[in-house]
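Here is a friendly walk through some helix packing. Have the model open beside you as you read.

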Amino acid sequence: MSQHLCRQHLRRCGLFFALSFLHLQAAVLVLPGNAADTKSLRAGLSEIFNDEKFSDAIWGVQIEDLKSGDVIFQKNGDKLLIPASNQKLLTAAAILLELGPEATFDTQLYRTGPVENGILKGDLVVRGGGDPSLGGRFHNDDITFTFRQWASTLKQAGIQQIEGRIIGDDNIFDDVAYGAGWQVDYLAHWYAAEISALSFNDNCIDLLIRPGGQIGKPAAITVRPDTNYLEIINKSQTVSKLPRGAGQLREIDIRRDPDSRRLRIHGPVLAKAKQNLEWASVPNPTLFAVTVLKEVLEKEGIKVNGEAQDIDQAEGLSSTADSVPQSWVLVHTEKSPPLSELLKVYLQNSQNLYGECFLKYLGYASTKQSGTSDSGIKRMKQLLKRVGVPEDGYRPMDGSGLARGNLITAEAFCRLLAGMAKNPHAETFKNALPLSGKRGSLDGRMRNTKAEGRVLAKTGYISRVRTLSGYVESRNGDTYVFSFLANNFRTSVKEAERLQDKACVLLVQ
């Protein structure tokens with residue numbers, strides 16, 4: 001809490017005394033209204049955020065009245081803490097301020113030669129425009145729907161055969177595949193998928209895993225999309241019961257070395273289990289996208305003589321972030337859903353890839369050079385300063401919150417939330433957030449409480465970090481912005497959630 005706000009509040013009350021309470025661990029400003037209610041609120045919040053189970057942890061807490069700006073409660077509100085996926089609030093706000101809710105990301109198909117007698121005498125180039133959504137999410141889970149549509153478009157353009165290659169052009173972004181500070185053991189998993197301006201199916205393959213035909217046999221694994229891009233080494237085993245004891249695998253384990261196209265699957269699968277869906281990231285998502293496209297085109301009757309290639313390895317072909325050779329002919333432009341819809345996936349599903357693409361796109365849009373995380377962060381700070389977020393209140397490293405090196409104060413989150421609530425894009429921003437007991441990552445929290453349907457907030461989790469920041473609407477119609485950042489706790493994640501939810505219920509009441 002700033003000293004300026006404290007003095008301003010004290011002057012309004014006609015009081016003058018020392019500001020030494022700023023050094024207390026938790027500081028509360030009295031709100032206008034019923035004194036007994038205020039005292040009860042203060043006592044309740046203090047009890048929640050001084051729970052003895054978190055005595056060796058750090059809580060960063062800030063709660064403010066949205067209309068007046070009064071600080072209701074603060075505990076370490078000015079301390080830089082790890083936000084986990086609350087980091088997505090920063091990236092979402094920045095890309096919305098930069099582009100607006102109706103913006104789309106364009107993926108373009110170019111041919112590099114003429115079409116003669118149904119044969120493309122050249123290459124087909126797929127130029128990525130930073131769209132993270134190519135795949136089945138917006139097409140009833142039909143992963144290759146768009147690629148089949150492209151096959152129809154090519155046929156309508158008179159192309160029955162491609163003499164050259166299928167080239168993936170991802171040059172509006174740099175070639176740094178991962179966020180700064182990401183841990184190596186994350187990299188095989190969907191939440192750490194590689195970043196590319198040409199992304200497809202969240203840069204993952206889907207693994208449908210079901211028990212094998214009998215005990216002792218490997219599990220049956222179906223890969224979606226149907227592709228040979230990865231080699232699957234299936235070392236799983238169908239069992240009658242899960243093994244017990246230290247050091248024994250108790251669930252499916254998916255591993256892939258960085259840059260390897262060999263995926264190893266280990267672990268037990270219960271014979272009576274239902275089909276389970278897992279995801280595994282792929283190396284070089286640009287090459288993955290055009291490999292699957294080539295496979296789809298051939299299934300749709302378009303013969304492709306050449307290979308699928310990343311433009312970085314394609315001999316005789318090049319482009320820059322802001323231009324393509326004049327000889328290339330545009331065949332088709334595929335537009336993403338509007339940003340307002342992409343933000344719902346990003347925030348409600350906590351889809352990390354979207355955030356990393358948004359961050360690099362910020363860098364590309366502001367420089368017209370290959371977008372980088374660093375240039376995106378620079379642009380983010382410029383944009384968020386406009387809505388009142390102090391630059392010294394946060395230290396971003398990536399766009400998703402996966403990096404433990406991200407740092408922010410609870411106070412800075414409240415500045416962001418208050419600023420966005422007064423912005424013309426406020427409704428788009430709020431509509432993209434999870435809703436308590438109703439949707440997204442808050443679907444299962446605060447159900448059957450006074451807070452159900454009254455909390456719009458982003459969740460965040462990495463090891464020893466559980467966060468929640470957003471808006472609470474009280475029963476009398478007041479709105480509060482809040483940030484609850486729990487760091488370095490040793491108790492269960494559920495305990496952190498319980499206290500956060502309890503605080504939200506208290507604010508509603």
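## What H8 packs against

The buried residues of helix H8 pack against helix H3 (87–99), helix H7 (352–367), strand E19 (394–395) and helix H9 (410–421). Contact here means heavy atoms within 4.5 Å, and buried means under 20% relative accessible area with a 1.4 Å probe, protein chains only. Those buried H8 residues are Ser 373, Ser 375, Gly 376, Ile 377, Arg 379, Met 380, Leu 383 and Leu 384. Helices are DSSP runs (H or I) of at least four residues and strands (E) of at least two, numbered from the N terminus.

This is a predicted model, where local features need pLDDT of at least 70, side-chain atom pairs count only at pLDDT 80 or more, and totals for chains, interfaces and linings use all residues. Residues are numbered from 1 along each chain as its sequence is written, and side-chain values use heavy atoms, leaving out hydrogens and water.

## H7 meets H8

The axes of H7 and H8, lines fitted to C-alpha atoms over the stretch in contact, come within 7 Å and cross at roughly 80°. The two helices are therefore roughly perpendicular (65 to 115 degrees, on a scale from 0 to 180 between N-to-C directions).

On the H7 side, the residues in contact include Leu 359, Lys 360 and Leu 362; among their H8 partners are Ile 377, Arg 379 and Met 380.

## H4 and H5

The axes of helix H4 (residues 145–156) and helix H5 (residues 285–299) come within 9 Å and cross at roughly 60°. Phe 147 and Trp 150 are among the H4 residues in this contact, and Val 292 and Leu 293 among those of H5.

Notes: Buried means under 20% relative accessible area, exposed over 50%, partly exposed in between (1.4 Å probe, protein chains only). Angles under 35 degrees count as roughly parallel, over 145 as roughly antiparallel, 65 to 115 as roughly perpendicular and the rest as oblique.
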